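Work through the following exercises on helix packing and strand arrangement, with the coordinates open beside you.

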2 protein chains.
Amino acid sequence: MAPAPLRDLADRPELRCLNTATLGYREPVAVTAQRAAAAGFGWITLWRSEIDERQAARDAEAIRAAGVRVRSYCRTAYLAHASEAARLQAVDENRRALEAAAALGARELIAVVGGLAEESRDVDGSRAQILRGLEALMPAVEATGVRVALEPLHPFYAADRSLLNTIAQAQAWCETLDPEGRHFGIAVDAYHVWWDPLLAASIAGAGPRIRAFHVSDWLRHTQEPLLDRGMMGDGVIDLKRLRAMVEATGFDGPVEVEIFSRDRWWKEDPDVVLRTCRERLRTVC
Amino acid sequence: MAPAPLRDLADRPELRCLNTATLGYREPVAVTAQRAAAAGFGWITLWRSEIDERQAARDAEAIRAAGVRVRSYCRTAYLAHASEAARLQAVDENRRALEAAAALGARELIAVVGGLAEESRDVDGSRAQILRGLEALMPAVEATGVRVALEPLHPFYAADRSLLNTIAQAQAWCETLDPEGRHFGIAVDAYHVWWDPLLAASIAGAGPRIRAFHVSDWLRHTQEPLLDRGMMGDGVIDLKRLRAMVEATGFDGPVEVEIFSRDRWWKEDPDVVLRTCRERLRTVC
């Protein structure tokens, strides 16, 4: 059977999402929302640091007024810590993030789960702490109706940002946390997963768990995998092929552009960035 | 059943190997061999660029005279290329490397297989080219008696250095290339594999395929994963636990120290580096 054709992203704002990180956090969220809407994005994904969570409803209103909706909210506090107090504090933080996400009308809270606990070399122990921290969020997830999307991060970040490093691992965690698949899903970010020898099988296996799909590009000779992401098409990732895998699972959400690029795109005029993103969504994604 | 105790590395030169990269390639191989012997290493692993392969027997003699043996030889030329001519040239290069390895008395040629072919985004296609390139080495492997040890590299290098990124993937390739397990094995380098969610199962599954075990450390906040490796004990890897996994498969080779550290250890006095390595092998590996 031939694979289904890719969805046509042209003239479909509801299939395009802008992660605000792409513009380098240089302007207030309301301004970013206006720019995104003008550039043909139907959704934005926000970061906690960009808004005042005590007044999330006010930001939500400004975003709606600009003509876009909030798709996901970034991101959880790290969950593995040396002290029980710090672990509990992280769970509290994440509960507040879920509440703010709900006030913003976001579908998912993106979970970047954290690396090793401070001073620890215990990968399995830290992973177990992270799982317990996620488990502790279940009541808030149920109360808010906001899902948690576990985002596997590139293994480069295993020590200090995330011990969740492959889609298959995220899938196994979802099965443990939420066998019925109501509350915990997966965010697939091309930048983090493109190298995975088990990529096709993992995406097929994750199936309806996939709740978000992020694109950018891996520059062939990157030296710095945190803030040196490439614009789609400028690197080595076959984004059309990856999107085909994701869409074959039935994924019907927007394609979200998320580019951390301190020295290139964050120095560019925001409207130029957005026009380029939209063009590349059409041509290479 | 309790796991077998770790082998005691103290006073066992035959269980200690120095990869010459650890000293930063600052001195002739014969001098490095003398220093290694004096510091209690029974083996060294060499790089192609360090010797004149047309006169490998002469270097081999100098190394033997210093009192150490050559364990492995680094490394294969990259195997995925845009042109057939470049692919054939890489196979020729690797044949010459196997011959030099034999002349040096090395047990294994370390295979760093290469990333994507030039200008390519085709991960599967490049991996297929790499497999064909390895397959083409079989006659030279049989003729020389030198094994090929496939070294999975950290996914950070997938684009430009290696599309072989996990132990399980290396194991699958070995099964394809050499079902009987005579010619193709695996080099496990702590730095490259420590983060793998499937680490314990992959090592157990690789079993007698494991032909080399390399140690160094991953610095928690490393910015540069090529030349910023840490001394064992200075980073986040639980090296004793990893060695226990490897030794539980029956691995009886030496523990090889391989530290690429341009700004720290390559600037240190070579004998201090070697003393530190030996001490850390005793205390944290």
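**Exercise 1: a helix pair in chain A**

Task: In this predicted model, determine which residues of α1(A) meet which residues of α2(A), and classify the contact.

Solution. Step one is the list of partners: on the side of α1(A), A:Val29, A:Ala30, A:Ala33, A:Gln34 and A:Ala37 meet A:Ala62, A:Ile63 and A:Ala66 in α2(A).

Step three turns to geometry, where two packed helices are described by the angle between their axes and the distance between the axes. The axes of helix α1 (residues 29-38) of chain A and helix α2 (residues 56-66) of chain A come within 8 Å and cross at roughly 20 degrees. Because angles under 35 degrees count as roughly parallel, α1(A) is roughly parallel to α2(A). Finally, the crossing in which α1(A) passes α2(A) is right-handed.

**Exercise 2: the barrel of chain B**

Task: State in which order the strands of chain B close into a barrel, then examine how β6(B) is joined to β7(B).

Solution. Step one gives the order β1-β2-β3-β4-β5-β6-β7-β8, in which eight strands of chain B close into a barrel with parallel pairing. Neighbouring strands of this sheet are turned against each other by 30 degrees on average, direction ignored.

Step two looks at one pair: strand β6 (residues 184-189) of chain B runs parallel to strand β7 (residues 210-215) of chain B, and four bridges join them. Within β7(B), B:Ile210 stands opposite B:Ile186.

Note on methods: Residues numbered from 1 in each chain as written. Chains lettered and ligands numbered in written order. Predicted model: local features only at pLDDT ≥ 70, side-chain atom pairs only at ≥ 80, totals over all residues. Heavy atoms only, no water. Axes fitted to C-alpha atoms, helices over the stretch in contact; angles between N-to-C directions. Helix = DSSP H or I, 4+ residues; strand = E, 2+ residues; numbered from the N terminus. Parallel < 35°, antiparallel > 145°, perpendicular 65-115°, else oblique. Left-handed = near helix turned anticlockwise from the far one by under 90°. Contact = heavy atoms within 4.5 Å. Pairing = 2+ DSSP bridges.
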